[in-house]
Amino acid sequence: MGESAADLAFAQDLFSGMGRVEARRMFGGAGLYAAGVMFALVDDGRVYLKTDEALQAALAAAGAESWIYTERRGPKAGIPQETSYWSLPESALDDPEEACAWGRRAVAVAQAKKAAAPARRKR
């Protein structure tokens with residue numbers, strides 16, 4: 001089931017202090033984009049941020065949880081897999097300044113990972 005319009009509007013409003021944040025539906029959830037990168041996703045009404053090891057540790061210390069993805073088909077079907085996305089801490093859900101601080105860190109992580117990725121060949 002896709003994310004509700006209300007969930008996406010809430011997430012966009014929460015991060016509005018970061019400038020333009022777009023939500024794009026995908027794979028039953030939605031991605032949140034800012035500064036040319038996907039920095040978060042919304043799944044089951046929860047916001048998850050793109051992380052690296054340092055941001056994972058900071059989010060874990062703040063009580064966040066990893067987004068666990070379970071593939072429906074293929075060789076990994078039914079096997080839960082931890083991802084590099086971690087939930088926004090509960091305290092940030094009522095505090096847009098805190099949410100934006102976490103969001104900016106996630107944007108920086110996403111931009112660094114994009115810059116480090118090998119260039120894609122055009123067809």
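Ser 66 lies in strand β5, where strands (E, at least two residues) and helices (H or I, at least four) are DSSP runs numbered from the N terminus. The model is predicted: local features need pLDDT of at least 70, side-chain atom pairs count only at pLDDT 80 or more, and totals for chains, interfaces and linings use all residues. Residues are numbered from 1 along each chain as its sequence is written, and side-chain values use heavy atoms, with hydrogens and water left out.

**Surroundings of Ser 66**

- Ser 66 counts as buried because its relative accessibility is 15%; buried means under 20% relative accessible area, exposed over 50%, and partly exposed in between (1.4 Å probe, protein chains only).
- Leaving aside residues up to four places away in sequence, Ser 66 touches Tyr 48, Glu 82, Thr 83, Tyr 85 and Trp 86, contact being defined as heavy atoms within 4.5 Å.

**Salt bridges**

- Three salt bridges are found in a search of the whole structure; the criterion is a side-chain nitrogen of Lys or Arg within 4 Å of a carboxyl oxygen of Asp or Glu.
- Arg 20, Glu 22 and Arg 24 are linked in a network of such bridges.
- Glu 22 is partly exposed, with 28% relative accessibility, and Arg 24 is partly exposed at 41%, whereas Arg 20 is exposed at 66%.
- Arg 46 forms a salt bridge with Glu 65, and their closest N and O atoms are 3.1 Å apart.
- This pair links distant parts of the chain, 19 residues apart: Arg 46 is in strand β4 (residues 46-50), while Glu 65 is in the loop between α2 (53-61) and β5 (66-70).
- Both partners are classed as partly exposed, with a relative accessible area of 28% for Arg 46 and 45% for Glu 65.

**Negative surface patch**

- Glu 90, Asp 94, Asp 95 and Glu 97 form a negative surface patch.
- Patches are made of residues with over 30% relative accessible area and no salt bridge, with like charges joined within 9 Å and nonpolar side chains (Val, Leu, Ile, Met, Phe, Trp, Tyr) within 5 Å.
- Asp and Glu count as negative and Lys and Arg as positive, while His and the chain ends are not counted; the place of a charge is taken as CG of Asp, CD of Glu, NZ of Lys or CZ of Arg.
- Accessible areas come from the Shrake-Rupley method with a 1.4 Å probe, and for residues only the protein chains shown count as cover.
- Glu 90 is found in the loop between β6 (80-87) and α3 (96-116) and is exposed, at 56% relative accessibility.

**Positive phi angles**

- Most residues other than glycine have a negative phi.
- Ala 35, although not a glycine, has a positive phi of about 55 degrees.
- Ala 35 is placed in the loop between β2 (29-34) and β3 (37-43), and it counts as exposed at 58% relative accessibility.
- Asp 44 also has a positive phi, near 55 degrees.
- Asp 44 is found in the loop between β3 and β4 and is exposed, with 70% relative accessibility.
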